[in-house]
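Hi everyone, thanks for coming. I'd like to walk you through one model today, so please have a look at the screen.

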Amino acid sequence: MYFAALAIMIYFLIFSFLPMGGLIMAFQKYKIVKGIFGSRFVGLDNFKRFFEGPYFFRTLINTLRISLLDLLFSFPAPIILACLLNELRGQKFKKTVQTITYMPYFLSTVVFCGLIRNFTDSRGFVTQIVNSLGGSYESMITDTGAFIPIFIITNIIQTIGFNSIIYLAALSSVDQELYEAAKIDGAGYWKQWLYVTLPGISSTVIIMLILRMGQIMNVNYEKVILLYAPSTYDVADVISSYIYRAGLQGGDYSYSTAVGLFNSVIGFILILIANMISKKFSETSLF
Amino acid sequence: MKRRVLSVLALALTAAFLVNGCGSTPQDGSTGEADTGTKTTDGGDSADADTGTDENADVQADAGIERISEEGITWNMFKGSHTCMGILIDDWNETLTAQQMEEKTGVHIDFTTPILGEENTQLNLLISSGSIPDFISGGVGGYEGGAVGLLNDGISVDIAEYLDLMPNFKKQLEASEFRQKEVYTDDGRITGLPIFFEDDEETEIFAGVLIRKDLLDDVGMDVPETYDEWHDVLTAFKEQCGITKGFVPGTTGMSQNNMWTIGYGFGYRDYWGSDFPFYQIDGKVLYAPVDATESFRAYLEMMEQWYKEGLIDPDFQSVTDINAQISTYSSADCGSCVTAYSMAGMLASIGSEFKEDFEYVVAPMPVLEKGTVTHEYYENGKIQLNAVIISADCEDLESALRYWDQYYTREASDLSCWGVEGTTYEVAEDGTKTWMDNITNNPNENFINMRYATVGTGYPGSFDVGSTMVDEFNIAADRLYREQGDNQWRISGNISLLEDELDVYNRYMPDINTYLDEMTVKYITGQESFDGFDNFIQTVKDMNVEECKSAFQSALDRYNAR
């Protein structure tokens with residue numbers, strides 16, 4: 001058994017811990033040919049450059065705004081879906097709904113975003129529907145006001161089915177006798193949900209929430225990069241997309257490592273806070 | 001500046017891809033040098049170039065290709081891909097040049113060919129993993145400092161030190177002052193082997209403004225010349241033909257060409273979107289938003305007006321990559337674009353599915369008043385640097401230098417430019433060469449693909465400009481722009497920034513570019529009011545644009561002093 005654990009530990013050592021050495025780059029002026037050991041050490045220069053740069057506050061605020069709004073709307077969505085599915089008695093219908101809601105998850109992000117762009121450009125059917133309902137968009141995807149709603153709604157569409165699986169599993173483990181007892185006590189559907197179902201899955205929900213908090217700074221940056229345009233940078237340019245432009249497109253490895261490290265530190269702090277809060281209120285925590 | 005190299009390179013790649021149908025043959029690979037997306041020439045040097053003519057005559061009388069090794073040598077080479085790769089050939093060794101050179105010199109080259117468009121990343125990976133190929137052709141643009149960076153870091157050899165081993169190259173190099181000025185770096189080094197053009201002739205203009213001929217016929221108007229005429233034509237397109245994408249000012253990559261080319265007529269060189277944003281007048285580096293503020297503003301105001309009137313594609317921000325460009329420019333409701341001429345045929349053949357007579361013609365650069373001289377066009381350079389860079393780790397360096405020197409013999413240059421007489425080209429009685437039908441008139445493949453797949457591409461040497469000018473469309477367009485103006489405002493792509501200059505540029509310019517991309521779009525779409533224009537310009541100044549300019553200024557001064 002320890003042997004099996006060894007394999008996992010080696011995996012983490014090689015793929016998670018060793019690459020951390022690369023973080024040294026954030027404090028250097030990294031040059032490929034000199035490598036990590038030969039590059040010049042510049043201290044906090046890269047960080048200073050980011051903090052003093054014109055895009056620090058904008059990217060930070062955008063990251064938090066998109067993440068929090070996303071959390072607010074797309075986190076509860078699969079829970080609601082799972083509870084609704086749980087109430088369904090017709091197996092066939094239930095399976096069909098499940099399959100349909102899973103499907104977008106298996107589309108590649110690039111394809112999915114391509115569809116979004118098509119549907120929301122000046123002739124996309126979504127734009128036309130919205131406009132016929134009183135909107136006046138030239139092209140929704142390049143509109144500052146429409147970007148975040150599009151981003152979050154499509155996030156929900158993409159992940160709702162897949163994320164509901166874990167809650168469905170949790171729901172199936174809720175003791176059926178509790179429901180019967182509640183019924184005898186005269187609880188309706190709503191009361192049953194509130195007093196039996198919800199407490200039954202609450203620990204799963206909290207763990208998922210804490211895990212989710214850790215990713216808050218990552219947003220869903222592939223999607224941001226695929227969907228944003230210069231006119232929506234104002235609301236859409238997040239730290240990760242900024243890193244992408246600096247590091248991958250510009251080859252400024254040190255700078256993008258520094259910004260990435262900053263991003264992770266904030267993410268880590270958020271996990272700690274979420275963990276602390278949940279420990280205080282519900283006894284459930286990661287550590 | 002390297003931060004934008006990728007996009008610059010993408011631009012260059014696309015340019016090359018469109019023009020030469022080529023992704024990163026060394027010709028464009030030379031782009032890496034000082035990240036010049038565009039091979040630039042300094043028009044003022046044509047006089048120098050002419051002095052070289054006589055000497056060229058005896059260069060041509062050189063000996064043929066020498067055998068380098070009796071028992072055979074094998075080297076490996078990183079060589080950029082091309083659109084013909086994987087379709088017509090699978091390995092550069094299938095081309096005539098590679099085969100004939102191997103036969104004659106006894107040298108075999110193993111090619112490593114990256115995926116088209118991945119050259120920079122692949123080369124960086126090879127370098128950082130320590131397995132540096134003996135010869136590098138393409139992809140250096142992703143390396144910090146480009147070809148000069150490679151030399152500074154001791155990865156490549158300084159060819160200037162070995163000129164004595166390379167008599168043929170030396171002869172070509174010393175044939176004109178212009179060549180020496182372009183090939184030597186500021187401190188007298190040579191980063192790689194260039195491609196010369198005979199007599200330093202001007203090479204082709206490969207791209208320009210295209211407008212839909214069929215629509216012009218439908219509305220009964222002529223090709224527009226001034227902005228007012230453009231406005232009328234686009235309005236007619238919209239009202240009579242229902243065109244919704246009259247003009248498509250792209251915001252990233254190659255499609256930005258639309259945006260800045262159409263601005264030339266206002267008397268400044270547009271800021272080039274996010275790429276190489278400066279231009280020069282009389283040796284002074286300028287940046288449109290701060291140095292030509294009024295013209296820049298006038299242009300944006302016109303664009304806003306056009307946008308309001310529906311003359312501009314409302315989805316113009318989605319035209320980000322080559323696929324989006326092709327599908328936009330070839331759609332029935334697109335009125336105009338700025339792109340390589342070699343695309344025109346392809347666009348028309350896709351477009352003809354929507355509208356039978358779909359056709360693009362070349363329009364002059366739009367200007368404020370008829371007869372205005374413009375100072376910019378899309379020309380390939382008179383010299384393409386760094387066709388081959390030789391690694392410092394190369395075994396038997398002396399033989400390697402001698403091997404590459406062979407390419408500058410007349411025999412080898414003819415081979416790598418034209419191929420084999422009787423197979424790919426014919427020589428007329430007066431000595432002029434012409435391509436044979438199997439290259440120019442292949443029903444399934446365009447000329448560029450056929451040429452590169454059969455003959456090979458990107459080898460150093462001294463080429464014949466006549467080999468590129470085959471298409472009637474190109475020749476006519478070339479004439480049009482040369483009559484309209486010159487190419488004086490371009491900063492030579494062969495300037496090189498020192499490390500601290502590069503640092504300054506990289507530190508400030510990418511953020512400025514982002515800001516400008518963003519604001520330009522906002523002004524065009526009316527999201528931003530022109531009342532705040534002065535603040536916008538002030539912000540650009542506050543973002544240290546002057547420091548970036550002066551980094552370029554010192555590099556340009558050193559270049560001019562060469």
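When I say helix or strand, I mean DSSP runs, helices being H or I with at least four residues and strands E with at least two, numbered from the N terminus. On that basis chain A has 15 helices and two strands, while chain B has 24 helices and 14 strands.

A word on the ground rules. This is a predicted model, so local features need pLDDT of at least 70 and side-chain atom pairs count only at pLDDT 80 or more, though totals for chains, interfaces and linings use all residues. Residues are numbered from 1 along each chain as its sequence is written, and chains are lettered from A and ligands numbered from 1 in the order in which they are written.

Let's start with chain A. Its C-alpha trace spans about 75 × 60 × 35 Å along the principal axes. Of its 287 residues, 30% are buried; in chain B, buried residues make up 56% of 562. Buried here means 20 or more other C-beta atoms within 10 Å of a residue's own, exposed means 12 or fewer, and partly exposed is in between, with C-beta atoms placed from the backbone.

Now, where do the chains meet? Contact means that C-beta atoms, placed from the backbone, lie within 7 Å. By that rule, 22 residues of chain A are in contact with 30 residues of chain B. The chain A side has eight nonpolar, eight polar and six charged residues. For these classes, Ala, Val, Leu, Ile, Met, Phe, Trp, Tyr, Cys and Pro are nonpolar, Asp, Glu, Lys and Arg are charged, and the others, Gly among them, are polar.

Next, a helix pair in chain A. The axes of α4 (residues 56-74) and α9 (residues 144-172) come within 10 Å and cross at roughly 45°; axes are lines fitted to C-alpha atoms, for helices over the stretch in contact, and angles run from 0 to 180 degrees between N-to-C directions. Residues of α4(A) including I66(A), L69(A) and F73(A) meet α9(A) residues, among them I148(A), F151(A) and I152(A). That contact has seven nonpolar, three polar and one charged residues.

Most residues other than glycine have a negative phi. D282(B), however, has a positive phi near 50°; D282(B) sits in the loop between β6 and β7 and is exposed. N544(B) has phi near 70°, lies between α23 and α24 and is partly exposed.

Notes: Contact = placed C-beta atoms within 7 Å.
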